[in-house]
Amino acid sequence: MPRAAKPKAEPVRIRLKRNDLVEVITGKEQGKTGKILKVLREKNQVLVEKVNMIKCHTRPSPTSGQGGIIEKEAPLKVSKVMLICPKCATATRFRLTATAEGKKSRVCLKCKELIDG
Ligand SMILES: [Zn+2]
């Protein structure tokens with residue numbers, strides 16, 4: 001029986017970027033906060049610093065001599081994290097707006113402050 005092609009992840013517009021502070025809002029890592037290390041747009045995932053750590057067993061490399069069990073971040077679904085507003089210091093919803101200079105910026109819906117400054 002021929003296998004159906006794997007449905008590609010629906011590309012969503014990710015409005016988060018590297019170095020954003022986010023909070024995990026669901027799942028076993030719920031409540032944890034961290035900085036975004038990487039946005040994986042094609043997978044709708046983000047890597048968040050010290051969140052969703054997984055143990056990796058690696059072979060010692062002849063160059064660095066390092067090996068054994070290392071811990072690293074596993075990607076999280078973008079829908080599981082929420083941006084933290086630097087002004088209200090809570091996970092918040094935001095919308096995009098154009099600044100006076102014509103640049104796109106994100107605005108916190110709670111305090112109406114520009115998140116990107
Ligand atoms: Zn705010």
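This report describes the fold, the sheet, the core and some local backbone features of a predicted model.

Residues are numbered from 1 along each chain as its sequence is written. Because the model is predicted, local features need pLDDT of at least 70 and side-chain atom pairs count only at pLDDT 80 or more, while totals for chains, interfaces and linings use all residues.

**Overall form**

The chain has 9 strands and 0 helices. Helices (H or I, at least four residues) and strands (E, at least two) are DSSP runs, numbered from the N terminus. Read along the sequence, the pattern is β-β-β-β-β-β-β-β-β. The radius of gyration of the chain is 18 Å, well over the 13 Å that the globule rule gives for 117 residues, so the chain is more spread out than a compact globule. That radius is taken over C-alpha atoms, and the globule rule is 2.2 Å times the number of residues to the power 0.38. The C-alpha trace spans about 55 × 45 × 30 Å along its principal axes.

The domain assignment, whose bounds come from an automatic or database source, gives domain 1 (21-84) and domain 2 (93-117). Taken over C-alpha atoms, the centres of domain 1 and domain 2 are separated by 27 Å.

Buried residues make up 18% of the 117 residues. A residue is buried if 20 or more other C-beta atoms lie within 10 Å of its own, exposed if 12 or fewer, and partly exposed in between, with C-beta atoms placed from the backbone. Of the contacts in the chain with a separation of 6 or more, 39% are between residues 24 or more positions apart; two residues are in contact if their C-beta atoms, placed from the backbone, lie within 7 Å.

**Sheet and hairpin**

An open sheet of 5 strands has the order E6-E3-E2-E1-E7, with antiparallel pairing. Strand E6 (76-77) and strand E7 (81-83) stand at the edges with a single partner strand each, so one side of each has no neighbour in the sheet. Two strands pair if DSSP finds at least two bridges between them. The table lists two antiparallel pairs.

| Pair | Bridges | A bridge pair |
|---|---|---|
| E1 (residues 21-24) and E7 | 3 bridges | Val22 and Leu83 |
| E8 (residues 94-98) and E9 (residues 104-108) | 5 bridges | Thr97 and Ser105 |

The hairpin of E8 and E9 has 5 residues between the strands, and in this hairpin Gly102 takes a positive phi near 85°.

**Core**

The largest nonpolar core has 14 residues, of which Val22, Val46, Val48, Leu76, Val81 and Leu83 touch the most other members. E1, E3 and E7 each supply at least two residues of this core. A nonpolar core is a set of buried Ala, Val, Leu, Ile, Met, Phe, Trp, Tyr and Cys residues joined through C-beta atoms within 7 Å. Leaving aside neighbours within four places in sequence, Val48 is in contact with Val22, Gly34, Ile36, Leu37, Glu73, Leu76 and Val81.

**Positive phi outside glycine**

Asn19, a residue other than glycine, has a positive phi near 75°. Asn19 lies in the segment before E1 and counts as exposed, with 9 C-beta neighbours inside 10 Å. Asn52 also has a positive phi, near 60°, and is found in the loop between strand E3 (45-48) and strand E4 (53-58). With 19 other C-beta atoms within 10 Å, Asn52 is partly exposed.
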